[in-house]
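Please examine the structure shown here. The report that follows treats its charged and aromatic pairs, its chain contact and its backbone geometry.

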Number of protein chains: 2
Amino acid sequence: MVGRFAPSILFVPILPVVFAGGPDGGWHVRSISAVAGESLPAVERVAVLEGVRVAPPQSTWALAGVVGQERYTRAREHDELAAVSPGLGRPEATRAALIPMRKSEKWWALSQDDRRAILEERSHHITIGLKYLPAVARRLHHCRDLGEPFDFLAWSEFAPADVGRFDELIANLRGTEEWSYVDREVDIRLDRGAGP
Amino acid sequence: MVGRFAPSILFVPILPVVFAGGPDGGWHVRSISAVAGESLPAVERVAVLEGVRVAPPQSTWALAGVVGQERYTRAREHDELAAVSPGLGRPEATRAALIPMRKSEKWWALSQDDRRAILEERSHHITIGLKYLPAVARRLHHCRDLGEPFDFLAWSEFAPADVGRFDELIANLRGTEEWSYVDREVDIRLDRGAGP
């Protein structure tokens, strides 16, 4: 069984991550847009803090999540994704999107097989994402169990030349049946620049 | 889709729960046994605190988890379970077991479909549990995302006459392939009595 995971990471310890919006941080905020439900307060910068669970005191807002085990991906899909997924931190990937999302109670009341069927067999979430690899580096953070205001924090990094491709990816996802269960979504765009 | 869930709860908000071991609490500790890995310190009583995420200051140890969405159960299995599952707090269910468990990194590195196959198709976890309903009332608390020392806190309540049945249930589960991935497990038995 283990041999099947050879191309990718074998061990998946939980990595807690805090995204802190405020005056400091490695990413400059270009825009914050509410896609569904309430937005988040405007901030100048976002700090991505790995390995921590607490908000820095100077932050205007802080969103916590964890990178952990995959919740829907099948072994074959995992291997396909792992073979073409770039890591975070590529020098050319100077643009990013942080998209916090919450899904409705109706979604969470569904059984695992019903959620999986909507996510992939009917909305093609994994298949759509595959089409935009390796241009877009992605990492999903889970926060539903943490008592946070969102269920997921989706973080994506890409080159300036691929902004249009990323916009296409996210537009395709937002048109799916799965997205009809998203009841709060904020779209935060960032760059590595020093800001105005 | 919603109609299928009519016999059971439709909405599943996250319920945080803390199990606090120490001098206080509604449950008297009869025994604490390490099944795999390190045990927990001896305590007189356990308090089951719903809706909180912090340990009471007087506790010797405190384990936090959340009751949330089901992670493996299929819709048909959910309905079967819901039809025969008793609620917690039955007056006759004066005995309880709190079983904190951790699964190995090898387990968490598996994809969702591989974990599901081991859990049910090969270990019959859900099917075994069904045989002991409605004698045993159960609630599973998830804690892997919380940075806790365990991944799950399994809480079961049953009548004194059903202790043997519960022992049989847990012995059956411990013999499965799924349990070969459990690398830490503590078995805490309790009663509602005032203690010696």
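Over all chains of this predicted model, a search of the whole structure finds 28 salt bridges, a salt bridge being a side-chain nitrogen of Lys or Arg within 4 Å of a carboxyl oxygen of Asp or Glu. Side chains of opposite charge can pair when their charged atoms come close. Within chain A, Arg116(A) pairs in this way with Glu77(A), with the closest N and O atoms 2.8 Å apart. Because Arg116(A) belongs to helix 3 (residues 112-122) of chain A and Glu77(A) to helix 1 (residues 75-84) of chain A, the pair ties together parts that are 39 residues apart in sequence. Helices (H or I, at least four residues) and strands (E, at least two) are DSSP runs, numbered from the N terminus.

Residues are numbered from 1 along each chain as its sequence is written, and chains are lettered from A and ligands numbered from 1 in the order in which they are written. As this is a predicted model, local features need pLDDT of at least 70 and side-chain atom pairs count only at pLDDT 80 or more, while totals for chains, interfaces and linings use all residues; side-chain values use heavy atoms, with hydrogens and water left out.

**Confidence**

The model scores ipTM 0.84 and pTM 0.88. Chain A has a mean pLDDT of 91, and 92% of its residues reach 70 or more; pLDDT is the predictor's confidence in each residue, from 0 to 100. Over residues 1-11 of chain A, pLDDT stays under 50, and the model has 21 contacts for them beyond four places in sequence (contact means heavy atoms within 4.5 Å).

**Contact between the chains**

Chain B and chain A each bring 35 residues to the contact. About 3,000 Å² is buried between chain B and chain A, and carbon and sulfur atoms give 52% of that area. Buried area is the accessible area (1.4 Å probe) that two parts lose on being put together, summed over both.

Between chain B and chain A the count is 2 salt bridges. Asp145(B) and Arg71(A) meet through their side chains in a salt bridge of 3.1 Å, N to O. There are also 14 residue pairs in polar contact between chain B and chain A, both residues at pLDDT 80 or more. A polar contact is a pair of N or O atoms within 3.5 Å; within protein, one must be able to donate a hydrogen and the other to accept it, and residues adjacent in sequence count only if both atoms are side-chain atoms.

On the side of chain B that touches chain A, helix 1 (75-84), helix 2 (105-109) and helix 3 (112-122) of chain B each supply at least two residues. Helix 3 of chain B gives the largest share, 5 residues.

**Aromatic pairs**

The whole structure holds 11 aromatic pairs over all chains. Rings of Phe, Tyr and Trp (its six-membered ring) pair if their centres lie within 6.5 Å; planes under 30 degrees apart count as stacked, over 60 as edge-to-face and the rest as tilted. Trp27(A) and Trp155(A) form an edge-to-face pair, at 5.2 Å centre to centre and 80 degrees between the planes. This pair links distant parts of the chain, with Trp27(A) in strand 2 (residues 27-36) and Trp155(A) in strand 7 (residues 152-158) of chain A, 128 residues apart.

**Backbone geometry**

Most residues other than glycine have a negative phi, and most peptide bonds are trans.

| Cis peptide bond | Omega |
|---|---|
| Leu133(A) to Pro134(A) | about 5 degrees |
| Leu133(B) to Pro134(B) | near 5 degrees |

Pro134(A) lies in the loop between helix 4 (125-131) and strand 6 (137-142) of chain A. In chain B, Pro134(B) is found in the loop between helix 4 (125-131) and strand 6 (137-142). His124(A), a residue other than glycine, has a positive phi near 55 degrees and is found in the loop between helix 3 and helix 4 of chain A.
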